[in-house]
Amino acid sequence: MDAEDSVGLANNINISLAHELISKQFPHWAHLPIVPTKYSGWDNKTFRLGEELLIRMPSAERYASQVNKEQHWLPILALKLSLQIPEPIASGSPSVSYPWDWSIYKWIKGDNLSLINTENNTTTATDLAQFLLELHKIPTIGGPVARKHNFYRGGSLRVYDSETRQAIDKLNNTIDVNTSTQIWERALESQWQNKSVWIHGDFTADNILQIDGKVVAVIDFGGIGVGDPACDLVIAWNYFSGESRKKFKSILGLDQDTWHRAMGWALWKALIVLADFDDSECSGALKIQSVIDKIMDEYILDNENENSL
């Protein structure tokens, strides 16, 4: 399937298709209502199935390999984690109408963390840092090493070197090119020296659920793998600020090189997203710019502190 066909199919992943797949493959659930979720995401289209279930369908071939990975590993990881994570209930098969594997999960109640302002809440920072510590302690034997299946999360940032430098060049009138380049090159200087750990791969506020300001679940594990935890630390800048960021970093207790690589991951994503905006003054672009500013401010402060020692 070429890219154009894949995009076309993604646009046709709708309630009608979901009904067809459920009716043919899981007829005992065919009587349940199917409605789109409020926030479906990009990699997968999601639909609520009745009150207790969720249909999750990859939107393109590059995401399809994540289904079997999640089906296998999520029940294993769940045993060691105190927050809820998605619970696979059934696995759907490709059909004439839909060419990839897909999943049915148990519905998890909660709203995205990004919808409420808890970025300066140290309790939230503590909960998320503790979750990552739990994740890092889980044995990684047989775990999927960072590769194309999770877009190299947990692997080397050098995969994105050319893309990042191109974004910096494109944004030369918008960002501080020298500082951006320094942050990026500093991130490339080191690599994870310890045993590989489990990584979520897309640990952002959009993939964290809360109820009444209390974190209750982490979702969307399509990017899971084992490797360097730096990629999971970008939430320090794209969500947390001030004391909450300090708390998050303090609890994790990781070395400074890992935090520099984390800055690199955060900067890479912010730069490529900002470079795609036609209007650098729109609200979305300004939000991304604020993330870049946070990264730069901390990098400059770190350098000042290092030079004063």
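Which residues gather in a patch of negative charge on the surface? Some points on this predicted model follow.

1. **Acidic patch.** The patch consists of D276, D278, D279 and E281. Together they put negative charge on the surface. D276 lies in the loop that links α10 (256-275) to α11 (283-308). Its relative accessible area is 63%, so D276 is exposed. A patch member needs over 30% relative accessible area and no salt bridge.

2. **Cysteines.** The disulfide count is zero. A disulfide is a covalent bond between the sulfur atoms of two cysteines. The cut-off applied here is 2.5 Å between the sulfur atoms. C231 has 6% relative accessibility and is therefore buried. C282 is partly exposed, at a relative accessible area of 22%.

3. **Positive phi at D212.** Most residues other than glycine have a negative phi. D212 is not a glycine, yet its phi is positive, about 55°. D212 sits in the loop between β8 (208-211) and β9 (214-218). With 80% relative accessibility, D212 is exposed.

4. **Positive phi at D220.** D220 is not a glycine either, and its phi is positive at about 55°. The loop here runs between β9 and β10 (225-227). Is D220 buried or exposed? D220 is buried, because its relative accessibility is 17% and the cut-off for buried is under 20%.

5. D212 and D220 each have a positive phi of about 55°. D212 counts as exposed, whereas D220 counts as buried.

Notes:
Residues numbered from 1 in each chain as written. Predicted model: local features only at pLDDT ≥ 70, side-chain atom pairs only at ≥ 80, totals over all residues. Heavy atoms only, no water. Patch = residues over 30% accessible without salt bridge, like charges linked within 9 Å, V, L, I, M, F, W, Y side chains within 5 Å. Areas by Shrake-Rupley, 256 points an atom, 1.4 Å probe, with all protein chains shown as cover. Salt bridge = Lys/Arg side-chain N within 4 Å of Asp/Glu carboxyl O. Lys, Arg positive; Asp, Glu negative; His and termini not counted. Charge placed at Lys NZ, Arg CZ, Asp CG, Glu CD. Helix = DSSP H or I, 4+ residues; strand = E, 2+ residues; numbered from the N terminus. Buried < 20%, exposed > 50% of the residue type's maximum accessible area, 1.4 Å probe, protein only.
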